[in-house]
Amino acid sequence: MGGVTLFSLVFISLPEAVLNMVLFLLFSGKKKRLELRNKENIAAAVITLVLMLLTTLTVRSFAPNVVINVLGHVVAYILIFMFVYRLDIRVSVFSISLITMLMTIIENLYIPFVIGYLIGNVEAFFSNQANLLLVSLPARVLQLLAILYMWKYHIVFVSVRLNRKLDVLLPVVMFGFCVPELCISFYFANAFANLNLTQQIIFSLALFLLMLMNLLILKLVFEVAKWAIEGGTRHYEELENASQWLFEKIDNYLQDGDIDGAKNILNRLNSKLKK
């Protein structure tokens, strides 16, 4: 992959790290940790960004290829956010992996065209820092748009604690669609030079449509999870109201000295629970 220059660290890696941090926290349901009026939040953000940049310096210097580079960043980011923000391991793994995979797929859609038709070859692309900066701008714009969308519509990782099957189904479905698409995008990037223009366009359009379809399916899964949570919440509220009425009734019987009335209610409840 090659080393990291000061220019790329400040003007490419730092903006990417800032936007990634915001995306990870929003998707993990930690929107309040982005309030910079809080000194603890500022300290956490600074520590996180420093660690993310150190990760970039280390991984990009030693990673032999792009795949290892992506995986190295994902593992390091998971550990960083678990350590700094105390994220649950499942939430941290899921949120960071999913967002990183989606951003990598998007970059693999347009960067091969930039290298092949505007720059000429991979060596010329990586040797010019201005090229790296310019080609990163579309991804940064998409990250910013994603942040604005998630901020407005409160898109977060949904944990369906009330339904174990959906709790397992949600990450399985998302990874089941994103991982194969990520592999296909890497294949497209590597095979790009050996394809003619028609094949390149068809391949990229197919990959783009596949990504849109996956996002629609992910949205459907989110809606199902949201429905399950709302349904579970309603059942919980009904149970809470019924329990409150029951305890008040028993308390009234006890205050009136009607032990038999209280026993009768408890016996009826016991018989219902056994059915």
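Predicted model: local features only at pLDDT ≥ 70, side-chain atom pairs only at ≥ 80, totals over all residues.
Residues are numbered from 1 along each chain as its sequence is written, and side-chain values use heavy atoms, with hydrogens and water left out.

**View 1. Helix α1 spans residues 6–27 and bends at S13.** Helices here are DSSP runs of H or I with at least four residues, numbered from the N terminus. From first to last C-alpha, the 22 residues of α1 reach 30 Å, close to the 32 Å expected at 1.5 Å a residue (the expected span is 1.5 Å times one less than the number of residues). The bend at S13 is about 35°, taken as the angle between axes fitted to the seven residues ending there and the seven starting there. After the helix comes G29, with a positive phi near 80°.

**View 2. M21 is a buried residue of helix α1.** Its relative accessible area is 6%; buried means under 20%, exposed over 50% and partly exposed in between, with a 1.4 Å probe and protein chains only. Leaving aside residues up to four places away in sequence, M21 touches A45, T48, L49, M52, F81 and Y85, where contact means heavy atoms within 4.5 Å. M21 and M52 are 31 residues apart in sequence, and their C-alpha atoms are 9.0 Å apart.

**View 3. R60 and E16 meet through their side chains in a salt bridge.** The N to O distance is 3.6 Å; a salt bridge here is a side-chain nitrogen of Lys or Arg within 4 Å of a carboxyl oxygen of Asp or Glu. Because R60 sits in helix α2 (residues 39–62) and E16 in helix α1, the pair ties together parts that are 44 residues apart in sequence. Both R60 and E16 are buried.

View 4. R140 lies in helix α6 (residues 129–153) and E16 in α1, so their pair ties together parts 124 residues apart in sequence. R140 counts as buried at 10% relative accessibility. Through shared partners, salt bridges join E16, R60, E107 and R140 into one network.

Definitions and conventions:
Helix = DSSP H or I, 4+ residues; strand = E, 2+ residues; numbered from the N terminus.
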